[in-house]
Amino acid sequence: MTIRAILMGAYNSEGAKGIIGGSDRMAAIQAVAKAAGGSVNFASFLRGPMDIIVDFNVPDTNTLMGIAAMAHASGTFSRLEVHECIDNGPIVAAAQKISKSYVPANG
């Protein structure tokens with residue numbers, strides 16, 4: 001099973017210094033994805049509260065959480081969000097099945 005995820009980050013002053021100093025973030029992103037056994041679908045710098053967005057695939061949730069932990073531990077982000085993309089169909093089907101048996105507290 002492959003996990004697709006979106007990572008968005010806001011660099012802190014140390015991260016910004018690295019970028020200004022010439023750190024090739026796109027090469028670094030590709031290297032992380034390859035080391036994780038995954039691939040990058042899209043990566044771009046942004047305007048606004050977040051500085052970078054990466055859409056990538058990894059083999060499993062543990063690998064996704066490892067990437068998140070590594071990025072947090074790097075100390076270059078003031079804010080970091082990692083979102084796992086999901087197929088909503090099975091979730092809706094489960095909710096529909098369960099809803100037939102659920103009785104609300106006020107019901």
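**Entry 1: the largest pocket**

I began with the lining of the largest pocket, which by class holds 15 nonpolar, five polar and two charged residues. The model I am reading is a predicted one. For the volume of the largest pocket I noted about 390 Å³. Its lining counts 22 residues, and those closest to the pocket centre are R25, I29, V32, M70 and F77. I then listed the elements that give two or more residues to this lining: β1, α1, α2 (25-35), β3 and α3 (61-73). Which element gives the largest share of the lining? I found that α2 does, with five residues.

**Entry 2: helix α1 and its two ends**

Helix α1 covers residues 13-20. At its start, I located a side-chain oxygen of N12 within 3.0 Å of the backbone nitrogen of E14. Just after α1, I recorded a positive phi of about 105 degrees for G22.

**Entry 3: strands β2 and β3**

I next followed β2 (residues 39-45) and its pairing with β3; the two strands run antiparallel and are joined by six bridges. Strand β3 spans residues 52-58. Together β2 and β3 make a hairpin, with six residues between them. In the turn of this hairpin, G48 shows a positive phi of about 120 degrees. For S39, I looked up the bridge partner in β3 and found N57.

**Entry 4: N57**

I stayed with N57, which is placed in strand β3. Is N57 buried or exposed? Its relative accessible area is 18%, and N57 is therefore buried, the cut-off being under 20%. The side chain of N57 makes a polar contact, at 3.2 Å, with the side chain of N41. Setting aside neighbours within four places in sequence, I listed T2, I3, R4, G38, S39 and N41 as the contacts of N57.

**Entry 5: D55**

I then turned to D55, also a residue of strand β3. D55 counts as buried because its relative accessibility is 9%, against a cut-off of under 20%. Which side chain does the side chain of D55 meet in a polar contact? I identified R4, at 2.3 Å. Not counting residues up to four places away in sequence, D55 touches R4, A5, I6, V40, N41 and F42.

**Entry 6: M50**

I located M50 in the loop between β2 and β3. With a relative accessible area of 7%, M50 is buried. I checked the separation of M50 from N12: the two are 38 residues apart along the chain, and their C-alpha atoms are separated by 11 Å. Apart from neighbours within four places in sequence, M50 is in contact with M8, G9, A10, R79 and E81.

**Entry 7: M8**

My last entry concerns M8, which lies in strand β1 (residues 3-11). Leaving out neighbours within four places in sequence, I found M8 in contact with M50, I52, I53, R79, L80, E81 and H83. How far apart in space are M8 and F77, C-alpha to C-alpha? I noted 9.9 Å, for two residues that are 69 residues apart in sequence. F77 is one of the residues closest to the centre of the largest pocket, where these notes began.

Methods
Residues numbered from 1 in each chain as written. Predicted model: local features only at pLDDT ≥ 70, side-chain atom pairs only at ≥ 80, totals over all residues. Heavy atoms only, no water. Polar contact = N/O pair within 3.5 Å; in protein donor to acceptor, adjacent residues only side chain to side chain. Helix = DSSP H or I, 4+ residues; strand = E, 2+ residues; numbered from the N terminus. Contact = heavy atoms within 4.5 Å. Buried < 20%, exposed > 50% of the residue type's maximum accessible area, 1.4 Å probe, protein only. Pairing = 2+ DSSP bridges. 1 Å grid on protein atoms, 1.4 Å probe; cavity = no way out; pocket = protein on both sides within 12 Å on 5 of 7 lines; lining within 4 Å. Points joined across faces, edges and corners; volume = space filled by probe spheres on them. Nonpolar A, V, L, I, M, F, W, Y, C, P; charged D, E, K, R; others polar.
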